[in-house]
Amino acid sequence: MNDQPDQLPHQEIAELLHKVAGGDRAAFNALYDASSRKLFGICMRICGNSEAAEDVTQESFVKIWQRADQFSAELGSPLAWMGTIARNAAIDWYRKQRKGETASDQALEHAADPAALADEVMDTAQQNERIIHCIQKLGMDQKSLILGAFFSGSTYQQLALRIGAPLNTVKSRVRRGLINLRKCLEND
């Protein structure tokens with residue numbers, strides 16, 4: 001598998017998928033480098049052995065190459081879309097290994113790890129990084145009030161007493177801070 005860390009933002013991965021849909025092999029190589037570890041992890045949880053997971057991951061990338069034109073960024077994350085292809089391929093592999101036995105949903109639940117998928121974990125981590133980045137861009141008064149109100153659990157009244165300001169002033173600063181935070185998150 002790939003030794004490079006997966007660091008491309010979702011927008012770049014979506015752009016790579018768009019290029020892959022046009023037959024761009026260099027974009028496909030970059031897409032593979034950016035996502036193969038995540039897809040391998042999904043396949044590994046379901047297949048249970050690395051050789052099978054590698055085969056299913058490769059099969060998944062063939063399907064991604066063939067279906068890249070079906071991806072729509074408006075409908076969701078590119079990693080979630082690719083993860084679904086890998087998950088379905090791994091489940092198909094699992095069912096074939098049962099050779100005629102019907103794999104029940106309960107058996108598949110035992111085969112798959114109930115932990116969050118890698119792309120979900122990455123989405124959460126990236127969102128948290130964006131929030132921290134945007135909070136750091138706020139003015140000191142807004143930043144300390146928002147951190148106090150939303151991360152430390154302080155009430156507006158407690159914050160007003162702590163900084164020696166009227167309650168309405170604290171509420172206004174928090175509101176302006178949240179507006180600035182939302183603008184930053186929308187523009188990042």
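1. Terms first. A residue counts as buried under 20% relative accessible area, as exposed over 50%, and as partly exposed in between. The model is predicted. With those cut-offs, the outward side of helix α1 can be read off. Turned away from the buried side of α1 is a face that carries the exposed residues Gln 11 and His 18.

2. Helix α1, span and packing. The helix covers residues 10–21, 12 residues in total. From first C-alpha to last, α1 reaches 16 Å, close to the 16 Å expected at 1.5 Å a residue. Its buried residues are His 10, Ile 13, Ala 14, Leu 16, Leu 17 and Val 20. Viewed down the axis of α1, these buried residues fall within an arc of 160°, so they line one face of the helix. After α1 comes Gly 23, with a positive phi near 90°.

3. Four aromatic pairs turn up in a search of the whole structure. One of them joins Phe 28 and Trp 65. The geometry is edge-to-face: 5.2 Å centre to centre, with 80° between the planes. Which helices does this pair tie together? Phe 28 belongs to helix α2 (residues 25–47) and Trp 65 to helix α3 (residues 50–67), so the contact ties together parts that are 37 residues apart in sequence.

4. Cover on that pair. Are Phe 28 and Trp 65 buried or partly exposed? Phe 28 counts as buried, because its relative accessibility is 17% and the cut-off is under 20%. Trp 65 has a relative accessible area of 29% and is therefore partly exposed. Both residues belong to one aromatic cluster, formed by Phe 28, Tyr 32, Phe 61 and Trp 65.

5. Salt bridge in α3. The structure holds three salt bridges. One of these pairs Glu 59 with Lys 63, the closest N and O atoms being 3.3 Å apart. The two residues are four apart in helix α3, so about one helical turn separates them. Glu 59 is partly exposed, at 33% relative accessibility. Lys 63, at 17%, counts as buried.

6. Asp 141 bridges to Arg 173, with the closest N and O atoms 3.8 Å apart. This pair links distant parts of the chain: Asp 141 lies in helix α7 and Arg 173 in helix α9, 32 residues apart. Asp 141 counts as partly exposed, at 36% relative accessibility. Arg 173 is partly exposed too, with a relative accessible area of 24%.

7. Arg 182 forms a salt bridge with Glu 186; here the closest N and O atoms are 3.9 Å apart. Distances should be read against the criterion of within 4 Å. Both residues lie in helix α9, four residues apart, about one turn of the helix. Glu 186 is exposed, with a relative accessible area of 57%.

8. Nonpolar surface. Which residues form the nonpolar patch on the surface? They are Leu 147, Phe 150, Phe 151 and Leu 178, and together they have about 370 Å² of accessible area. Helix α7 (residues 140–151) gives the most to this patch, with three residues. Leu 178 lies in helix α9, which runs over residues 167–187. At 33% relative accessibility, Leu 178 counts as partly exposed.

Technical notes. Residues are numbered from 1 along each chain as its sequence is written. This is a predicted model: local features need pLDDT of at least 70, side-chain atom pairs count only at pLDDT 80 or more; totals for chains, interfaces and linings use all residues. Side-chain values use heavy atoms; hydrogens and water are left out. The expected span of a helix is 1.5 Å times one less than its number of residues. Buried means under 20% relative accessible area, exposed over 50%, partly exposed in between (1.4 Å probe, protein chains only). The arc is that of the directions from the helix axis to the C-beta atoms. Patches are made of residues with over 30% relative accessible area and no salt bridge: like charges are joined within 9 Å, nonpolar side chains (Val, Leu, Ile, Met, Phe, Trp, Tyr) within 5 Å. Accessible areas come from the Shrake-Rupley method with a 1.4 Å probe; for residues, only the protein chains shown count as cover. A salt bridge is a side-chain nitrogen of Lys or Arg within 4 Å of a carboxyl oxygen of Asp or Glu. Rings of Phe, Tyr and Trp (its six-membered ring) pair if their centres lie within 6.5 Å; planes under 30 degrees apart count as stacked, over 60 as edge-to-face and the rest as tilted.
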